[in-house]
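Here is a short briefing on one protein chain. Keep the sequence and the 3D view side by side as you read.

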Amino acid sequence: MNLKATLSVAILTAIASAFLLCPASADYILLDNVTITGPGTAKIVTHQSIVTWSCDVDMDNSSTALTVRIEGNVYGDKFSPKGMGQYTLDSEELAAGKATFSIDSLPVNKIRAYVVSLTGRIKTLVCMGVQKQ
């Protein structure tokens, strides 16, 4: 093999190795245009080994209160009322109409958002799951 071919193989191997070491991720829209409390639609995330969730919530700037709980389950259609994590927006986030939070958990089969309290409107709540390496 000549030097050019050897370098090409080495570069491709390095790129492939770096790509394989990066954790995979997937985005899920858990809430869309919500004005009431209660559970959102569950999303199936089976066999993805997701252990960390980073979530963005966008609200109307006129919203004055929001607490959201992220719930997951391993089996069936029921969810624990304690969830995987809960987040309450503070006054600065409410004024901005935007908040970002993260939850560390164990892999689950399904995930959903549950609106615990809300005064205003949630435009969207999107969570990105990052797989365990």
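In which strand is N33 found? N33 is found in strand β1. This is a predicted model, where local features need pLDDT of at least 70, side-chain atom pairs count only at pLDDT 80 or more, and totals for chains, interfaces and linings use all residues. Residues are numbered from 1 along each chain as its sequence is written, and side-chain values use heavy atoms, with hydrogens and water left out.

**Terms for strands**
- Strands (E, at least two residues) and helices (H or I, at least four) are DSSP runs, numbered from the N terminus.
- Two strands pair if DSSP finds at least two bridges between them.

**N33**
- N33 is not a glycine, yet its phi is positive, at about 55°.
- N33 is partly exposed, with a relative accessible area of 48%.
- Partly exposed lies between buried (under 20% relative accessible area) and exposed (over 50%), using a 1.4 Å probe and protein chains only.

**The core**
- The largest nonpolar core has 28 residues.
- Such a core is a set of buried Ala, Val, Leu, Ile, Met, Phe, Trp, Tyr and Cys residues joined through side-chain atoms within 4.5 Å.
- W53, L66, I70 and L125 have the most contacts inside this core.
- Two or more core residues come from each of β1 (25–34), β4 (50–59), β5 (65–73), β7 (98–104), β8 (110–119) and β9 (122–131).
- Contact means heavy atoms within 4.5 Å.

**Strand β8 and its partners**
- β5 and β8 run antiparallel, joined by nine bridges. R69 stands opposite Y114 in β8.
- Strand β2 (residues 38–39) is antiparallel to β8, with two bridges. Here G38 stands opposite V115.
- Strand β3 (residues 43–44) also runs antiparallel to β8, with two bridges. K43 has I111 as its bridge partner.

**K110**
- K110 is in strand β8.
- K110 is buried, with a relative accessible area of 14%.
- A polar atom of the K110 side chain lies 3.3 Å from the backbone oxygen of G76.
- Beyond four places in sequence, the contacts of K110 include I44, E71, D77 and F79.

**D60**
- D60 sits in the loop between β4 and β5.
- D60 and A96 are 36 residues apart along the chain, and their C-alpha atoms are separated by 8.8 Å.

Key. A polar contact is a pair of N or O atoms within 3.5 Å; within protein, one must be able to donate a hydrogen and the other to accept it, and residues adjacent in sequence count only if both atoms are side-chain atoms.
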